[in-house]
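The sequence and structure come first.

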Amino acid sequence: MVAPLTPLSVRTHCPYCAFQCGMTVSPALEVRPDATFPVNRGQMCIKGFTSADLLDHRERVTTPLLRGPDGRLGPVSWEAALDFVAERLLAIREAHGPEALAAFGSGALTNEKAYLLGKFARLALRTPHIDYNGRYCMASAAAGQNRAFGIDRGLPFPVGDIAETKALLLWGSNAAETMPPIMQWISAQRAQGALMVVDPRRTETARAAELHLQPTPGTDLLLANGLLHLAIEDGLVDEAYVEARTVGFEAVRQTVLAVHPAHVERLTGVPIEKHRRAVHLLAEAESAMLLSGRGPEQQSKGTDTVVAFTNLMLALGKVGKPRSGYGCLTGQGNGQGGREHGQKADQLPGYRSIESAEDRAALARVWGVDAATLPRKGKSAYELLDALGPAGGIRALLVFGSNVAVASPNARHVGERLGALELLVVCDAFVNETAAAAHVVLPITQWAEEDGTMTNLEGRVILRRRVRPPPPGVKSDLEIIGALAERLGEGARFRFSSAEEVFAELGRASAGGRADYSGISYRKIDAQDGVFWPCPAPDHPGTPRLFAERFAFPDGKARFQAVRHRDAAELPDAAYPLYFTTGRYKEHYNSGAQTRRVAALTEIRPAPRLQLHPRLAARLGVAEGDELLIESRRGEVTFAIAVSPDIRPDTLFAPFHWGGKTAANVLTVPALDPVSRMPEFKVCAVRATAVAGSV
Ligand code: SF4
């Protein structure tokens, strides 16, 4: 039973994942789920319930910190900190050019912050090098959907549609752990239809399904192509739909038919009868959805894998039909909006391309600059971090809301690159692992102390509302960007009195773009419980469902593209004989920079456990709680183990929420997808050795 809203409670949203649960917060910072918000409908997970614990946390930074001659971070005034940062930025730019400066944003930033940070990088720093941690999260799903549909919105329909679809295939998403309240929709679906899960682990989500396909890590693309092969062979293709609404199927037909199902079965390790059952359930249901998570996307062929999914669903004639289609379950809180408004190396606001002359001209008009002065495409997230230091050319980095030292692949190397910078500025509420390496830490507001908009996994733009004033000594990212822009001589373009004013400019900048927010206002979001983009005019209601009539290409047709399986960048061999894959726990969020400070969460999950199969444990001579030294070609980590039959015997799993000695990303490989530039977090090769004394 959800308690009624007290008169002074504020309706806002959880600061963590893309489900963006509606919640109310009282003046005493009591958090309750908002029963009236149509996405979570009164449910939340433990992270949301405990989100206010960080507001008055004893480790919170409430004054700027500057590294002194003794090598320690010590408090300084805002004036001193901002002057120091601006002077260093100007000096480095003068000596080495604007490309020696870089900014790194986050899928946790509000739309207003993401927009202003992109503008700041291009106009005030004048650098092409800005990217964000959404590159690690959403980039392959985005690239795949853009290729197939001409537009990228995580879900092209409201989450409520999930409950009504007759066949649901969740591919590489452990939604029961990563966004538990979505399970109310999935359970409703399961009660009236078929639920299938593809995952190398038998997760909590997989246990809820009637069919679980457990492929070898890195073979998702092959499996998807194999399903389409069987669909063609068994006459399940919707030829009329393919003819009317798509182009390019013939090349795909030939490509998938060239691969024999027995080969697919051998490489994926999934019995062929399961392939056939899955594709028949999808094809023969009156409505069907395929929703993907990070499993298949965080691979060096993630974009092609998403294209294989869209190929399959287009061939079955499902995309754009009621309660049907392909979607991805966005991860970070503003993973959707964060990729639309210009903090990505290749993008301008409104999902415009930084390399398009037309898009550059449209934005230059809004910003009042000459389009020729706008920088071109910069380096993607990992490539940017890899280029830090004199040898790589980037000497100063500003980080907003991202713990790159823990969240990046090949994390030890990234830590070394951060250490090579002449200036590292981190804007954060805590001294996380990245801030610990900074020359300057600027303390920022948290979610309950600011207004702004977020865009949830459905493409619904929602309002984050201020619950209380920030503590003295803390500024919002918007204020920091404005203050630095003043010192860099570009202040006039960054003077805003509120987040709402920034949003109004964002709306103008997005007008006519693919993610058109120009018809959205704070008032309208309030009145409609969120507005789905595109919303191109004040009297436009927003667009909850896409593709019913046309896709976002000039001819209105979706694109098939032939994609072929290729091996992961690293496969097990004699020296490193096991697969290693990463994921999440219910109690922690991303790099754990916030959730590792919440006592209620760390009491349940104080440390990571390496999951391995009993047969592998027996072979290695270890038992529950013993320690294993895990080595990859990039580093080594020692984990306590959790023995479970829920994982394949050839695969090890660890969560990536911790840094330091248990940082899973020390092991992961920085092989990048050639299109999305997303790293291959989900597959690398390791070896395991029992730690003497622990067994
Ligand atoms: S973390 Fe996600 S699922 Fe959990 S309460 Fe927050 S928004 Fe909801």
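## Sheet, aspartate site and ligand shell

Strands β19 and β20 run antiparallel and are joined by four bridges. The model is predicted: local features need pLDDT of at least 70 and side-chain atom pairs count only at pLDDT 80 or more, while totals for chains, interfaces and linings use all residues. Residues are numbered from 1 along each chain as its sequence is written, and side-chain values use heavy atoms, with hydrogens and water left out.

Strands (E, at least two residues) and helices (H or I, at least four) are DSSP runs numbered from the N terminus; two strands pair if DSSP finds at least two bridges between them. The open sheet has three strands in the order β19-β20-β21, with antiparallel pairing. β19 (452-455) and β21 (531-532) are the edge strands, each with a single partner, so one side of each has no neighbour in the sheet. β20 (residues 460-464) pairs with β21 in the antiparallel sense over two bridges.

Two of the cross-strand positions can be named. Methionine 454 has isoleucine 462 in β20 as its bridge partner, and valine 461 stands opposite valine 531 in β21. The hairpin of β19 and β20 has four residues between the strands, and glycine 459 there takes a positive phi near 85°. From β19, Gly452 and Met454 point one way and Thr453 and Thr455 the other, and all are buried.

Aspartate 673 sits in the loop between β28 (669-672) and β29 (679-680). Leaving out residues up to four places away in sequence, aspartate 673 touches (heavy atoms within 4.5 Å) Ser140, Gln299, Ser300, Lys301, Gly302, Thr303, Asp304 and Met678. A polar atom of the aspartate 673 side chain lies 2.9 Å from the backbone nitrogen of threonine 303. Glutamate 297 is 376 residues from aspartate 673 along the chain, yet their C-alpha atoms are separated by 9.5 Å.

The residues around the ligand (a heavy atom within 4 Å) are Cys14, Tyr16, Cys17, Gln20, Cys21, Met44, Cys45, Lys47, Gly48, Met179 and Pro181. This shell divides into eight nonpolar, two polar and one charged. The structure holds zero disulfides (cysteine sulfur pairs within 2.5 Å).

Relative accessible areas are tabulated below; buried means under 20%, exposed over 50% and partly exposed in between, with a 1.4 Å probe and protein chains only.

| Residue | Relative accessible area | Class |
|---|---|---|
| Aspartate 673 | 1% | buried |
| Cysteine 17 | 12% | buried |
| Cysteine 21 | 8% | buried |

Technical notes. Polar contact = N/O pair within 3.5 Å; in protein donor to acceptor, adjacent residues only side chain to side chain. Nonpolar A, V, L, I, M, F, W, Y, C, P; charged D, E, K, R; others polar.
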